[in-house]
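The points below take up strand pairing and then the pocket.

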Amino acid sequence: MKLTEMFPSNLLKAQDVTDAGGEMELTIFNVEIKDFDGDNGVKERKPIVVFAEGDKRMVLNKTNANRLSEMLGDDTDNWLNKKIILHVEQTDFQGKTVPSVRVKVLGGKQAAVDSYWTKVREM
């Protein structure tokens with residue numbers, strides 16, 4: 001039995017993406033703020049991306065927030081109902097290389113068109 005089965009969580013982990021074949025295409029349903037217990041008992045507010053598919057949610061770190069902003073614009077309201085692809089990248093964290101969930105930056109013509117219209121709507 002896998003540890004992820006022994007200790008289930010609705011927060012997305014790198015292993016979830018790996019188990020799904022290395023990539024997951026998901027639709028953003030909502031972006032909300034959630035309080036987490038931080039170090040020394042201090043509450044930390046973090047953004048959470050809620051997906052239309054399944055019950056998994058992703059804690060939105062700065063790297064993924066910047067990638068989503070680059071593709072979909074700065075206003076999270078414009079992210080709703082947009083499809084994104086998640087994959088796993090090796091990243092440095094506290095002196096160790098660990099697998100991390102990352103938003104895959106989509107390039108090409110369609111990404112440029114979507115980005116243009118997002119920026120036009122923000123004007």
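1. Two strands are said to pair if DSSP finds at least two bridges between them. The model discussed here is predicted. In this model, strand S1 (residues 23–37) pairs with strand S2 (residues 43–51) in the antiparallel sense, over 9 bridges. Within that pairing, Asp37 has Lys43 in S2 as its bridge partner.

2. S1 and S2 form a hairpin with 5 residues between the strands. In this hairpin, Asn40 has a positive phi near 60°.

3. S1 has a further pairing, with strand S4 (residues 83–93). Here too the sense is antiparallel, and the pairing runs over 5 bridges. Thr27 lies opposite Lys83 in S4.

4. The largest pocket holds about 590 Å³ of space. It is lined by 20 residues, and those closest to its centre are Val59, Asn61, Ser100, Val101 and Arg102.

5. Which elements give two or more residues to the lining of the largest pocket? They are helix H2 (14–19), strand S3 (57–59), helix H3 (62–72), S4 and strand S5 (96–103). S5 provides the largest share of this lining, with 5 residues. S4, which pairs with S1, is also among the contributing elements.

Technical notes. Residues numbered from 1 in each chain as written. Predicted model: local features only at pLDDT ≥ 70, side-chain atom pairs only at ≥ 80, totals over all residues. Heavy atoms only, no water. Helix = DSSP H or I, 4+ residues; strand = E, 2+ residues; numbered from the N terminus. 1 Å grid on protein atoms, 1.4 Å probe; cavity = no way out; pocket = protein on both sides within 12 Å on 5 of 7 lines; lining within 4 Å. Points joined across faces, edges and corners; volume = space filled by probe spheres on them.
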